[in-house]
Amino acid sequence: MSTATRWTLNSIQNRWLATGIRWSCHQRQSSSLPSRRYQSTGNNSRYFQSEGCNYNADFAAASPSFLEIGGKAYQTDSWTNVPSSVLALIPRRLHIQPSHPVSLTRELIESRFPSPTYAHYNDLSPVVTVAENFDSLGFPTDHPGRNRSDTYYINKDTVLRTHTSAHEAELFRRNASEGYTISADVYRRDAIDRSHYPIFHQMEGSRMWDRRKVRGGDVAQAVWDDLSKMSKHNLQVEDPNPTVHPERNPLQAGHHSIQEVEAVAAHLKRSLEGVVVELFSKAKQAAAAANTVEASTEEPLKIRWVEAYFPFTSPSWELEVFWQGDWLEVLGCGVTKQDVLINAGVPDQLGWAFGLGLERVAMILFSIPDIRLFWSRDERFLSQFTNVQNVKRFKSFSKYPASYKDVSFWLRGTSSAAGGGLRTNAQGFHENDVMEIVREVGGDLVEDVRLFDEFQHPTSGRKSLCYRINYRSLERTLTNTETNELHAKVKEDLVQKLGVEMR
């Protein structure tokens, strides 16, 4: 399963994250331009367009055309909505970059799931089918996470994965080990602020037991035997609810016995409590080394289990940690839905799964205040991180001034929650379309975008929105000329691609 800043499924926002990861077209046409190929700044992501097609500097929307990712060509169609800014970052794979804070966080968590019991998968392709990303996990056909407003489509049958769980069925089918972890980059169209980015990194893990292989087919006893071999901790744990509840957190009747679920849940919780001990002990040591106020006043580490709902587990929980005076959601988990295992061809197995957002955890562990920093190539940032034995808090090298600019416009036509089109003369509207345009123009020079005001005309019924954009570089002071030019381009593209009318 996956999470990245909350492993929850929240309607339109759809998060499978440890409070951080949310589930959350840019077309410039000119028939006079010659046939040409667009090469993104990434090393292995590019668009191809054939003779006679309209040239699109940001992504291929005309037909016939192809998008190449990782050396493989994919045909695009009317569903294609992957911008060049996202394509350019696909090769970065921060989760396996040596000494990068995302990679160090992954290493720390993997250390709690040793081989050979657990296999670790860190190099799976980000391109998956719609069936793998949604259908295999039981997402309804009308689920909002399937919308082009939330998901990057390569074509109608293929997407950039929105969570690591897209690989679950495949790994269950392989049945190569009793457990596994997956770490990977995932992609979602989302808001612009200091904790959200269209690409982030998730980690999930699973542990299975096979009824055919345990002694006497007694899974519950096999799980308890494995649990007895695990290390204990002295954390203060709040877990007031029963393991199952018929309405809030149901047993998978017909598949599991209450004895099996009690055992699996206990093994799951002990395993993940160990992860929290590892991570937050390092975070406390880093705070102490930095002589922070929090280090001198910090309370003993406390955790609590909260009932939750995820489409691929039941019963399910979120794990929260009391940190610096507040409860933080760290991960989501649960007993794997048996339908997922049956569809993967391993009906005799049962077990647990969890998911979390690596950036979310890394921001806490290293005290990193802005998610854009993870993508920085500035040595003032990268040189601060070395290895998991020497976790240090990030030291800001400067705080550059913000430049706030507003953009107000009238929506055109009717509004639709589906969105995701970014076509010229767009009739539907979704806020993520605005975010996508601002990202394409401003990139990491935009710190956040917020809806500042809205108004509906009492006579015509037309709706007006005002967004406030904060331009701020992490590495230098932006000039007024720069921000004015960026803002003018944002306005131009909003009119061209969304069909809005500036106020």
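This is a predicted model: local features need pLDDT of at least 70, side-chain atom pairs count only at pLDDT 80 or more; totals for chains, interfaces and linings use all residues.
Two strands are taken to pair if DSSP finds at least two bridges between them.

Select residues 446-456, strand β17, together with residues 463-471, strand β18. These two strands pair in the antiparallel sense over nine bridges. Within the pair, show the side chains of leucine 451 and of tyrosine 467 in β18, which stand opposite each other.

The four strands form an open sheet with antiparallel pairing, and their order is β17-β18-β16-β19.

Then select residues 480-498, helix α12. Helix α12 lies across β16, β18 and β19, at about 20 degrees to β16.

**A salt bridge from helix α11**

Return to α11 and display aspartate 433 along with arginine 189. The two residues form a salt bridge, and their closest N and O atoms are 3.1 Å apart. Aspartate 433 belongs to helix α11 and arginine 189 to the loop between β9 and β10, so the pair ties together parts that are 244 residues apart in sequence. Over the whole structure, a search finds 30 salt bridges.

**The largest cavity**

The largest share, three residues, comes from α4. Which residues lie nearest the centre of this cavity? They are Leu171, Asn175, Ala176, Ser177 and Tyr180, out of 13 lining residues. The lining comprises six nonpolar, five polar and two charged residues, and the cavity holds about 90 Å³ of space.

**A helix pair**

Finally, select residues 258-289, helix α6, and residues 358-365, helix α9. Two packed helices are described by the angle between their axes and the distance between the axes. Here α6 and α9 pack at an angle of about 35 degrees, with axes 9 Å apart. To view the contact, show Leu279, Phe280, Lys282, Ala283 and Ala286 in α6, which meet Val361, Ile364 and Leu365 in α9. By class, this contact of α6 with α9 has seven nonpolar residues, one charged residue and no polar residues.

Key. Residues are numbered from 1 along each chain as its sequence is written. Side-chain values use heavy atoms; hydrogens and water are left out. On a 1 Å grid over the protein atoms alone, a cavity is a set of points where a 1.4 Å probe fits but cannot get out, and a pocket is an open set with protein on both sides within 12 Å along at least five of seven lines; lining residues have an atom within 4 Å of a point. Grid points are joined across faces, edges and corners, and a volume is the space filled by probe spheres set on the points. Ala, Val, Leu, Ile, Met, Phe, Trp, Tyr, Cys and Pro count as nonpolar, Asp, Glu, Lys and Arg as charged, and the others, Gly among them, as polar. Contact means heavy atoms within 4.5 Å. Axes are lines fitted to C-alpha atoms, for helices over the stretch in contact, and angles run from 0 to 180 degrees between N-to-C directions. A salt bridge is a side-chain nitrogen of Lys or Arg within 4 Å of a carboxyl oxygen of Asp or Glu.
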